[in-house]
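Hi,

Here is the structure I promised to pass on to you. Have a look at it first, and then read on for my notes on what turned up.

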Amino acid sequence: MAAGGRDSPPLGRGGQPVRPLVAVIGGSTCTSEEAEWAGVVGRLLAEQEAVLLCGGLGGVMEAGSDRADANPFIDVPLATGMGEMRNALIVRAAQAVIAIGGGWGTLSEIALAQRIGTPIVGLHDAFPSVVDMPRVTTPEQAVRWALEQAREGQV
């Protein structure tokens, strides 16, 4: 379909497609299963030409205060030097969030996302008895949900 058509992504000011911004959050250490889910989520988001936001170190994220600390899969490292304060930046910038596994930092991101109204879904997150949020069981469901939310929120 032609640019700007019903099935096309929305266009930005310069006429370029606006890509959905999806954050993937989770523990800096994770199980092999969580790492596999995160890898599939990342691949599926890339296939859909979404921009993936994350903390950038290890585990599910794979940000530090030095660009050189970012994992090798990061295209644009933003070394904030803010430690956990980056959590607020990630969930504020994202149009949707996918939580996989996680610890205290992930829980803080979930709470911040819920507080500011950023849509968030759990994919085998570590907090089903603590946090009420939508949950899915496969990476494909998580990506589909996140992209629907991101696209609904685009102006």
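This is a predicted model: local features need pLDDT of at least 70, side-chain atom pairs count only at pLDDT 80 or more; totals for chains, interfaces and linings use all residues.

Numbering starts from 1 along each chain as its sequence is written, and side-chain values use heavy atoms, with hydrogens and water left out.

The overall layout

The protein has 4 helices and 5 strands, taken as DSSP runs numbered from the N terminus (H or I of at least four residues for helices, E of at least two for strands). Read from the N terminus, the elements follow the order β-α-β-α-β-α-β-β-α. Of the 155 residues, 39% count as buried; here buried means under 20% relative accessible area, exposed means over 50%, and partly exposed is in between (1.4 Å probe, protein chains only). The protein exposes about 8900 Å², with carbon and sulfur atoms supplying 53% of that area. Accessible areas come from the Shrake-Rupley method with a 1.4 Å probe, and for residues only the protein chains shown count as cover.

Two strands are taken to pair if DSSP finds at least two bridges between them. Going across the sheet, S1 and S2 are parallel and share 3 bridges, with Val22 opposite Leu52 in S2. S1 and S3 are joined in parallel by 5 bridges, and Ile25 stands opposite Ala99 in S3. S3 and S4 also run parallel, over 5 bridges; there, Ile98 has Val121 in S4 as its bridge partner. As for cover, 6 of the 6 residues of S3 are buried, and in S1 the count is 5 of 6.

The nonpolar cores

Val41 also belongs to the largest nonpolar core, which has 20 residues. Such a core is a set of buried Ala, Val, Leu, Ile, Met, Phe, Trp, Tyr and Cys residues joined through side-chain atoms within 4.5 Å. The members that touch the most others are Val41, Leu45, Ile98, Ile100, Leu123 and Val143. At least two core residues come from each of strand S1 (21–26), helix H1 (32–47), strand S3 (96–101), strand S4 (120–125) and helix H4 (139–153). H1 gives the largest share, 6 residues. Apart from this core lies another one of 15 residues, among them Ala23, Ala94, Val97 and Ala99.

Salt bridges

How many salt bridges does a search of the whole structure find? There are 2, counting a side-chain nitrogen of Lys or Arg within 4 Å of a carboxyl oxygen of Asp or Glu. One joins the side chains of Arg43 and Glu47 at 3.0 Å, N to O. Arg43 and Glu47 are about one helical turn apart, because 4 residues separate them in helix H1. Arg43 is partly exposed, at 43% relative accessibility.

The other joins Asp125 and Arg135 at 2.7 Å, N to O. This pair links distant parts of the chain, with Asp125 in strand S4 and Arg135 in strand S5 (residues 135–136), 10 residues apart. Asp125 is buried, at 8% relative accessible area, whereas Arg135 is partly exposed, at 32%.

A surface patch

Finally, Met82, Met85 and Leu89 make a nonpolar surface patch of about 290 Å². Patches are built from residues with over 30% relative accessible area and no salt bridge, joining like charges within 9 Å and nonpolar side chains (Val, Leu, Ile, Met, Phe, Trp, Tyr) within 5 Å. Met82 sits in the loop between strand S2 (51–53) and helix H2 (86–93), and counts as partly exposed because its relative accessibility is 37%.

Best wishes
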